[in-house]
Protein chains: 2
Amino acid sequence: MRSTAQQTVVPRRSREEEYPGGTYVRITDDQRDAPRGTAIFAEHVLYGYPHIGRILRLQSGLREQFGDNPFQVEEKVDGYNVRIARIGDAVLAFTRGGFVCPFTTDRLADFIDLRLFQDRPELVVCAEVAGPEQPYVAGHPPHILEDVCLQVFDFMRLDHPGFLPGEEQAQLLQRYALPAVEHYGRHDAGRWEEVRDLLWRLHLEGREGVVFKEEAPGAHRTKYVTGASCVDDIRATADNMLQLPSEYFTGRILRLALFMEDQGVERLGAVREALGRALVDGLLEAIERFRRERRVFHTHRCRFRHREAAERMLRHLKRADGHIQVVERGITREGDFHVLEFDKTYSEMTGLLGHLLRGGMVYD
Amino acid sequence: MRSTAQQTVVPRRSREEEYPGGTYVRITDDQRDAPRGTAIFAEHVLYGYPHIGRILRLQSGLREQFGDNPFQVEEKVDGYNVRIARIGDAVLAFTRGGFVCPFTTDRLADFIDLRLFQDRPELVVCAEVAGPEQPYVAGHPPHILEDVCLQVFDFMRLDHPGFLPGEEQAQLLQRYALPAVEHYGRHDAGRWEEVRDLLWRLHLEGREGVVFKEEAPGAHRTKYVTGASCVDDIRATADNMLQLPSEYFTGRILRLALFMEDQGVERLGAVREALGRALVDGLLEAIERFRRERRVFHTHRCRFRHREAAERMLRHLKRADGHIQVVERGITREGDFHVLEFDKTYSEMTGLLGHLLRGGMVYD
């Protein structure tokens with residue numbers, strides 16, 4: 001029989017998942033009252049992190065989205081989104097899709113003061129985990145040189161889909177000395193040039209972009225990314241071009257062109273070559289890798305505190321194994337860490353390059 | 001009741017079309033015994049032009065496709081494919097899709113000696129029509145500076161799906177002094193470097209590529225394109241990026257990377273910037289055009305001998321009017337020609353740019 005919490009959301013398009021404390025229902029597609037990634041436990045519902053729309057023009061976008069209302073500007077970090085919540089006695093990190101992430105969960109104590117969840121067991125911390133050593137995405141912010149960072153950008157509460165207001169967020173960040181994304185202060189559409197200049201700086205630093213958050217009660221949000229992030233994303237994924245939806249690439253090229261329009265096409269002249277280089281060199285690397293190793297893959301490396309968590313992570317990744325095959329390289333001890341290394345093999349690129357380099361034909 | 005000819009092909013996935021002599025059945029999707037574009041008349045079947053597979057590596061591709069057998073190398077021209085046939089008393093040009101093309105049909109006498117069809121009424125001439133002034137594709141070979149050229153590359157016969165052998169083709173081209181695609185002679189996989197050097201020259205000249213034709217009885221075929229053609233195609237279509245399948249772009253970028261591998265990555269270094277430029281500048285032009293004219297479009301201009309044919313062409317284009325809207329600019333007399341001008345409006349790019357430039361959000 002379902003508990004009261006489980007009855008609050010109708011779990012069509014959902015799957016039952018296991019976690020250390022039992023089972024829960026994971027919503028696999030957006031539903032009217034619960035986004036994808038919502039996790040329904042016996043006693044509580046952890047709502048999914050909602051989608052945030054993107055603007056591609058700054059001046060008209062800020063005006064259209066916020067009118068004269070002020071908004072906070074925060075950094076958007078190039079990593080993966082987690083929600084951290086106390087479920088029973090355990091504090092767990094959930095991916096955007098609603099899976100428990102063994103890696104992030106294992107490392108939580110390195111990044112945040114877990115007393116927060118003793119004092120406020122209903123809180124959900126929303127954060128980005130970014131860096132070169134993580135199990136999910138291929139790119140990372142250039143200034144994070146090793147391991148990962150965790151940066152908080154929102155708080156939710158169990159059983160509630162919305163966010164805590166900005167003042168409460170600021171208090172919590174301070175009280176528990178939590179690592180947070182960069183805050184760039186309060187702005188409004190009338191002073192959009194300041195935001196433009198901020199984004200030029202972030203572009204030069206190779207950062208991803210920003211999220212704009214209207215203050216309560218409207219609390220409307222939108223995001224905007226730098227040209228550099230479009231090029232970096234393409235560079236990081238060109239070797240997996242056949243598996244990603246092609247719109248992944250064309251969408252970023254369109255964003256790049258509109259970023260150039262916003263910042264002045266002339267001063268972004270060199271970005272054309274950077275784009276061509278990202279596409280071509282990513283593919284040439286894939287070809288070279290295939291030639292040497294007969295497959296196209298990306299090696300991930302992640303540091304764990306507990307060896308069992310590394311093993312659990314590997315099982316989790318292999319479960320999701322579909323077009324991307326996960327091949328373990330091993331778990332080794334390095335200082336205080338157990339370091340898991342594994343390859344994600346891009347099977348479509350591997351298959352097509354094998355066919356083409358042998359001299360096969362394609363029909364298109 | 002269907003005639004005998006109409007019974008030879010089972011017309012599932014087909015449509016009835018009108019032509020000056022009555023109606024015919026057009027095959028709209030590939031079928032086991034008839035490719036898309038096959039046209040079934042009361043007395044005859046005009047078979048569709050078959051798909052030709054593409055290799056992306058030259059050395060292994062020629063070896064894999066042809067072994068030790070020699071093959072002819074012919075230019076592949078960047079235009080649109082037509083089949084020209086005598087149906088009843090009229091000589092008509094059909095597009096790849098099996099439509100009668102009013103433009104090409106009107107201009108046939110400018111390019112080929114139509115006595116061919118008096119002497120050999122069963123013949124089907126397969127040709128590429130290319131140049132800056134045509135109704136279909138946006139790009140064209142750089143050395144064709146005005147109007148269009150028609151270049152023959154194959155002969156078929158009514159009621160037969162295959163091609164005439166090379167010797168018979170050569171005789172017909174000579175006897176009727178027909179314009180033909182460039183022939184680069186007989187080669188074999190063992191001397192693939194000669195083919196590579198030919199393709200380097202074609203690349204530098206901005207030409208599309210080549211078709212390899214094994215001699216009878218095997219008569220196997222394959223094609224291969226230059227890096228320049230990949231970049232040029234992208235440049236010509238980036239302003240329609242949202243309507244074309246995204247694979248249109250990623251496929252060409254992959255071809256380009258493999259062309260670089262074939263020709264030497266170092267000497268093709270500058271192609272990276274050319275690729276980035278093609279993508280970005282195509283989009284910036286679309287944005288600029290939208291800003292000036294509130295829509296993204298490409299203007300086509302075609303020269304007709306007969307005004308009625310221009311009007312028929314316009315009706316034909318408007319019939320196909322879907323995501324691409326056709327807007328007439330007018331028909332004017334220029335010397336011996338009636339010049340039709342019309343715009344193809346790219347409605348998805350127009351719609352999205354309108355939304356984004358007004359400050360709208362997208363969810364992706």
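The model is predicted. Chain A can be laid on chain B by a turn of 180°, and helices pack both inside chain A and between chain A and chain B.

**How the two chains are related**

- Two copies of a chain are related by a rotation about an axis and a shift along it.

**Helices H7 and H9 within chain A**

- Two packed helices are described by the angle between their axes and the distance between the axes.
- In chain A, helix H7 (residues 227-237) packs on helix H9 (residues 271-293) at an angle of about 15°, and their axes are 7 Å apart.
- Angles under 35 degrees count as roughly parallel, so H7(A) and H9(A) are roughly parallel to each other.
- The crossing of H7(A) and H9(A) is right-handed.
- H7(A) contributes A:Val231, A:Ile234 and A:Arg235 to the contact, while the residues from H9(A) include A:Ala274, A:Leu275, A:Ala278 and A:Asp281.
- The contact of H7(A) with H9(A) has 7 nonpolar, 1 polar and 4 charged residues.

**Helix H8 of chain A against helix H9 of chain B**

- Helix H8 (residues 247-263) of chain A and helix H9 (residues 271-293) of chain B have axes that come within 9 Å and cross at roughly 60°.
- H8(A) and H9(B) are therefore oblique to each other.
- H8(A) passes H9(B) in a right-handed crossing.
- Among the residues in this contact are A:Ile253, A:Leu254 and A:Glu261 of H8(A), and B:Leu279, B:Val280 and B:Arg291 of H9(B).
- The contact of H8(A) with H9(B) divides into 11 nonpolar, no polar and 2 charged residues.

**Two buried residues of chain A**

- A:Arg26 lies in strand S2 (residues 22-27) of chain A.
- Buried means under 20% relative accessible area, and A:Arg26, at 8%, is therefore buried.
- Residues that A:Arg26 touches include A:Arg13, A:Glu17, A:Thr38 and A:Phe99, not counting residues up to four places away in sequence.
- A:Thr226 is found in the loop between strand S14 (221-225) and H7 of chain A.
- A:Thr226 is also buried, with a relative accessible area of 0%.
- With the same exclusion of residues up to four places away in sequence, A:Thr226 touches A:Leu199, A:Leu202, A:His203, A:Arg207, A:Glu208, A:Gly209 and A:Phe259.
- A:Thr226 and A:Pro245 are 19 residues apart in sequence and 21 Å apart in space, C-alpha to C-alpha.

Methods: Residues are numbered from 1 along each chain as its sequence is written. Chains are lettered from A and ligands numbered from 1 in the order in which they are written. This is a predicted model: local features need pLDDT of at least 70, side-chain atom pairs count only at pLDDT 80 or more; totals for chains, interfaces and linings use all residues. Side-chain values use heavy atoms; hydrogens and water are left out. Axes are lines fitted to C-alpha atoms, for helices over the stretch in contact, and angles run from 0 to 180 degrees between N-to-C directions. Helices (H or I, at least four residues) and strands (E, at least two) are DSSP runs, numbered from the N terminus. Angles under 35 degrees count as roughly parallel, over 145 as roughly antiparallel, 65 to 115 as roughly perpendicular and the rest as oblique. A crossing is left-handed if the near helix is turned anticlockwise from the far one by less than a right angle, and right-handed if clockwise. Contact means heavy atoms within 4.5 Å. Ala, Val, Leu, Ile, Met, Phe, Trp, Tyr, Cys and Pro count as nonpolar, Asp, Glu, Lys and Arg as charged, and the others, Gly among them, as polar. Buried means under 20% relative accessible area, exposed over 50%, partly exposed in between (1.4 Å probe, protein chains only). Copies are superposed by least squares on the C-alpha atoms of residues with pLDDT of at least 70 in both.
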